[in-house]
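Then move out to the domains and the loops.

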Amino acid sequence: MDERRIGVIGAGTMGNGIAQVSALAGYDVTMIDVDDAALQRGRDALQSSLARMVKKGTLAQADADAALQRVHGSTELQQLRGAHLLIEAATERLELKLRILRQLDELADDGAVIATNTSSISITQLAAVLRRPQRFIGVHFFNPVPLMALVELIRGLQTDDASHAAARRFVERVGKTAVDVRNSPGFVVNRLLVPMINEAVFVLQEGVASAADIDAAMKLGCNHPIGPLALADMIGLDTVLAVMQVFYDGFNDPKYRPAPLLKEMVDAGRLGRKSGHGFYRYD
Ligand code: NAD
């Protein structure tokens with residue numbers, strides 16, 4: 001098993017970001033996706049991100065070139081044999097993740113750690129399909145990966161200390177700060193952030209204040225860099241609603257009920273920036 005080799009499954013927004021920070025830290029990365037077009041999109045995104053860093057003067061051209069050389073793409077999971085860490089960052093669908101994890105379990109070396117970047121699925125539930133659930137852990141990066149300093153390290157019920165320590169070494173080596181979290185819906189950041197956004201929608205719905213004033217209040221009154229409703233538009237209202245639903249179902253607690261206005265906006269296709277209209281209009 002090669003301590004310098006890692007695998008990333010999924011070359012999308014998160015996967016190519018994780019590949020980028022890993023390659024910059026000196027890891028050889030194999031990035032897997034379903035077809036060559038998806039791999040190429042991932043590689044293009046990674047390359048433009050490196051180019052932006054070079055342009056800003058935060059990265060030398062030679063280091064960017066070397067990092068790009070360390071990232072290999074493949075559509076074959078078998079190419080991941082021998083890697084010491086495998087990070088699943090594919091589309092957020094339970095069935096898909098279970099299928100990928102079963103395949104990774106088949107091919108991974110006994111000492112390898114298998115990780116997932118899931119935002120909302122239980123680490124313990126995913127671990128249950130593995131022969132060695134003790135070697136499985138959540139490594140939750142934030143978007144955009146190259147810029148965000150935090151990684152939540154989420155231990156499932158059966159994650160062992162050695163896997164946790166190996167994941168922590170990786171996170172520190174890629175220059176991020178890890179916080180330790182026990183498996184629980186939304187982990188820490190989304191557990192606090194998304195109900196706050198949901199509450200902002202209740203405040204709007206009740207006519208307590210306008211969208212612009214709610215956002216101004218939180219920016220100027222709490223020094224938040226962006227207001228909760230503008231942030232909801234950035235994340236996508238469908239995603240915010242899906243996360244609230246995970247909390248509502250996961251805790252069986254009415255305090256997590258999604259705001260009716262949030263549901264209505266999703267029904268109307270007002271999803272935020274990506275649809276051009278959410279709490280604000282985007283032209
Ligand atoms: P994305 O849609 O940008 O990328 C997902 C990629 O997975 C796509 O390229 C898709 O082709 C690929 N994929 C699908 N099936 C696959 C398979 N069988 N094998 C290999 N690749 C496959 O999604 P994303 O935003 O990068 O999210 C990935 C994961 O990261 C999800 O679990 C998500 O919850 C989590 N996450 C996302 C964010 C975010 O802000 N986008 C933040 C933290 C965590």
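Helix α4 gives the most to the shell around the ligand, with three residues. Helices here are DSSP runs of H or I with at least four residues, strands are runs of E with at least two, and both are numbered from the N terminus.

This is a predicted model, where local features need pLDDT of at least 70, side-chain atom pairs count only at pLDDT 80 or more, and totals for chains, interfaces and linings use all residues. Residues are numbered from 1 along each chain as its sequence is written, and side-chain values use heavy atoms, with hydrogens and water left out.

Which residues come nearest to the ligand? They are M14, D33, E92, K97 and S119, out of 21 around it. A residue counts as near if one of its heavy atoms lies within 4 Å. The shell holds nine nonpolar, nine polar and three charged residues. Ala, Val, Leu, Ile, Met, Phe, Trp, Tyr, Cys and Pro count as nonpolar, Asp, Glu, Lys and Arg as charged, and the others, Gly among them, as polar.

Now look at the polar contacts, pairs of N or O atoms within 3.5 Å. M14 uses a backbone N or O atom, 2.8 Å from a ligand oxygen. K97 places a polar side-chain atom 2.8 Å from an oxygen atom of the ligand. For N143, a side-chain N or O atom is 3.4 Å from a ligand oxygen. Alone, the ligand exposes 830 Å², and the protein buries 75% of that. These areas come from the Shrake-Rupley method with a 1.4 Å probe.

A cis peptide bond joins N143 to P144, with omega about 0 degrees. P144 lies in the loop between β6 and β7 (150–155).

Finally, step back. An automatic or database assignment sets the domain bounds: domain 1 is 2–182 and domain 2 is 190–274. Their C-alpha centres lie 29 Å apart. F187 is found in the loop between β8 (177–182) and α7 (189–205). Its phi is near 55 degrees, a positive value in a residue other than glycine.

Methods. A polar contact is a pair of N or O atoms within 3.5 Å; within protein, one must be able to donate a hydrogen and the other to accept it, and residues adjacent in sequence count only if both atoms are side-chain atoms.
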